[in-house]
Amino acid sequence: MQFDLGITRNGLIDTKILMAKEVSNQSSPREFLRQHSDMVDGLVRKAFQKAQSQVSAPSVCLIAVGGYGRAELAPYSDVDLLLLYSSSKKEELPPLIEKMLYPLWDLGLEVSCSSRSINECLKMAQSDLQIKTGLIDGRYLDGEYEFFRKLYGLFTKKVLHRTVQKFAEGLAKDLYLRNQKYEDPAYALEPNIKEGEGGLRNFQIGRWIIRAKYKTDRWDSILFPDHSRMLDISLQFLWAVRNQLHLLSGRRQDNLTFEFQEKIAPILGFPPGTKGIEEMMRQYHLSTQRISNFVYDILERALHEPSWVKKFFFFFQRKKIDENFGTAYGELHLFDPVTFKRDPSQLMTLFRHCQTYRTNMDFRMEEAVVEALPFIDDRFRQSEEVNQTFLSILRKGERVETLLKKMHELGFLSRYIPEFSEIAGKIHYDLYHVHPVDVHSILAVEELGKLRDGLYQKDYFLLTSLSREIEKTEILFLTTLLHDIGKGMDGDHSSIGEKMVKHIGERMGLSMEDRELIGFLVSHHLFMIQTAFRRDLHDEQVILRFANEVKNLNQLKMLYLLTFADIKAVGPEAWTSWKNTLLMELFLKTSHFFEKGAVATPFLKGDEMIQKLQESLSQEIISEYAEHLPDRYLSCYSSAEITHHIEMARSIEKELLLVEWEIEKETQAKVTVCTKDRYGLFSKIAGSMFLNRLNILEAQIHTWGNGVALDTFWVEDATKDMKSRLQQFKKDLVEMLSGKIFLKDLLSKRKVSNGIKQKVIPRVPEEVKINNQDSDFYTIVEVIGEDRVGILYEITQALTDHGCDIHFARVSTLGNRIVDVFYVQDAWGEKIEEKNRIDQLKRTLSRLMGKD
Amino acid sequence: MKKIEAIIKPFKLDEVKNALTKIGVQGMTVTEVRGFGRQKGHTEVYRGAEYTIDFVPKAKIELIVTDELVTQAIETIERAAKTGKIGDGKIFLSPVEEMIRIRTGERGRDAI
């Protein structure tokens, strides 16, 4: 017959919730754990006593083990019990256990109970790590106290204190496996609060080792007061989160999923919305980092504290480095423990020694560093010696990530660069950014280090060689470390970051030039990504503007490397060969531009011109056209002309063609033609001019990004009949473009009858160059030769016949010599690269020029 | 129900996505892909070393639409993805036999 424990299942849940409310109003989450545990103690004792009264059983002792044993019982944690019995009467136990457990299970408690004799316990604890750790936390509940006393006397003496080293090794292995399991980036976003890295289990591991090694349950007694206070705050925070997690989910839920992050943040008093979640998770990461550091520190002490034999042996292997430092057993040590307090600048020297002698520091050294942190003040941060040492560490480039990680872990980095503490543990509430900002920043440095060390040589050869040809390695490392520093503040993190790094650079005593460089890289650290993934890399304009912004090859290289490190450090899946290809293409095209700057210079000042246009055009029109105007075009005309061109372009929406002219000096005129670009347009215009005996002296043809062709011609007509000839030209062109007449029909009717007097002049040797090297986007055709009427028509027609689309041309006449340059592509927008096509085109053009 | 698969230029992805959302397409799958068609890869030179881009990066989108929406969706992709130059990509259309929403077990049109 089952008995009643005086409370129902729902009653128990209500009690828990009520208890949680009361406790959270006044005291710590630990208090809840204790009160909850007390309450469960009451229920378990009651069940045990009632069961004993109903079944005749031998005398036993009831012990709480595990987390319940520590009286740290989260709302839905397991209640682990151990029933100790005297060896002989084992078979009488099951009815007792059954009687005791059923009513507890009915209340929804996750109770498990093992029954063992004292000897079994000791034996199993020696071989099974989990049983051993469970026993450490054992707490007497009810029954035969003598059994409990006996077990723990033997356990402490024979098991716990005997094999400390082996115990620590076992736990270290367990920790390693556990952390490896939760290393997956998914757990960084939705961490497991108990089992994850820096989680509650990690803390217990540290505590068990202290218990075994220092024979005390006061884990804080072996730490600095500051340290243990911070650790306690971290622990309390995790408990607070876990309590809510259990209460909200109504079960033993330890994964802090997005769903619960959203619900718990406001309950714990964080501001509403994403911001509050990010703040809560930031605190979460800071807490787990502290716990993680704690457990590694303790493990380090337990595993590596040398025995006196070793100490004696290594005494003779000590080496002196300078008056403060020496090495022994492969680790750095201090001669005088107060060195850092006397001269804090030695802290930086310490890190340089770690790099130079490729050693680590032992835990005593780490303690000395932590103790000296309050001595890092503004004088330290501005000290030339300190900063030069720091920069020399970065310049050397070896193990930089390891050292920075250590600096950060010890709290040194945040003291030295206080701005860095603002991004510590800071997270983004999204799926893409896996790591908190500080971790991400140091990982980015690590990626850069791997690149320099040649680990990516096979996959990313170009990046590897770039990383080695950079002149100012220290600036690149520093930039990478600080590229997201603006994320600690509200607003656009790139531009805030720029100001911050310039300020930091000034404090470190960097030159003006280096400060500007860092500022540029930080403010532009997303620029390459935006251009490579969201812009058409086959559009020359895109590359020109990118190059214009990046300014020089050195900045381009650094930006490329920073971009690589940044993406690679976001998470294992962020960097793909797809992204690599696009970034590489952008890099190569831009680098070509810088290397061949001279050919491609007629751009620049594009932005200035757009600014100027705002005086004469409405914002609406500018935003419609600005992106379509090539820089090469912008550099050829005044703002008044461009304004006028845009007005023309707006009206060709309705009309097929606009032709305007200004007659100068009776025989010369400037003709502007505006129409929608089409294949062979230039040759049609040149042909119509030829028909009407207009001799082309100069021409500039431009094609805008939106398909508008804007061409300007300076023409000459010796007969002073300019106006009527121009009118006829316009009429012919309109008919030709609308397909009513064909150029070749008109030409065959009117045989050449030149209006300009022929003089006897020296022959000009012809020259045709077809160049594919100077532009990544166009084949450049250059034609030099003797001028004659109609020559431009013939050249452009030949280009059209050979499948060349003319995008830009500059035609000029110098005396009797013409110098024409054409930027052409084939019908698919590609360069003309097949050798036989180039040869054919060259032959045709040479023949034209050679003809009299 | 039809499946539309389109290979487009990466920088056109946002434009295509927005255009499709506007006509009522509710979801799509996007993949980073590489390949070549008429637009062959090319070789770039930096400091004497050659870097071959033999497979051109593209974005692949996949979406399932009802028969009524097919024509409109294809036209939308065509318009938004077009630059008029080589390498603008391709659109493939194929029938879909069945579709199941795993969470609810809904089938056919309801699962879109």
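A: A note on terms before anything else: domain bounds come from an automatic or database domain assignment. This is a predicted model, in which local features need pLDDT of at least 70 and side-chain atom pairs count only at pLDDT 80 or more, while totals for chains, interfaces and linings use all residues. Residues are numbered from 1 along each chain as its sequence is written, and chains are lettered from A and ligands numbered from 1 in the order in which they are written.

Q: OK, which domains is chain A divided into?
A: Chain A has domain 1 (9-162), domain 2 (166-305), domain 3 (306-408), domain 4 (417-595) and domain 5 (652-850).

Q: And how far apart are domain 1 and domain 3 of chain A?
A: Their C-alpha centres are 48 Å apart.

Q: Switching topic, how many residues does each chain bring to the contact?
A: Chain A brings 17 residues and chain B brings 14, where contact means that C-beta atoms, placed from the backbone, lie within 7 Å.

Q: Which part of chain A gives the largest share?
A: That is α30(A), with 7 residues; helices (H or I, at least four residues) and strands (E, at least two) are DSSP runs, numbered from the N terminus.

Q: What about the sheet, what is its strand order?
A: In chain A, an open sheet of 8 strands runs β9-β10-β12-β11-β15-β16-β14-β13 with antiparallel pairing, and strands pair if DSSP finds at least two bridges between them.

Q: Why is one side of β9 and of β13 left without a neighbour?
A: Because β9 (657-664) and β13 (767-771) of chain A stand at the edges, each has a single partner strand.

How values were computed: Two residues are in contact if their C-beta atoms, placed from the backbone, lie within 7 Å.
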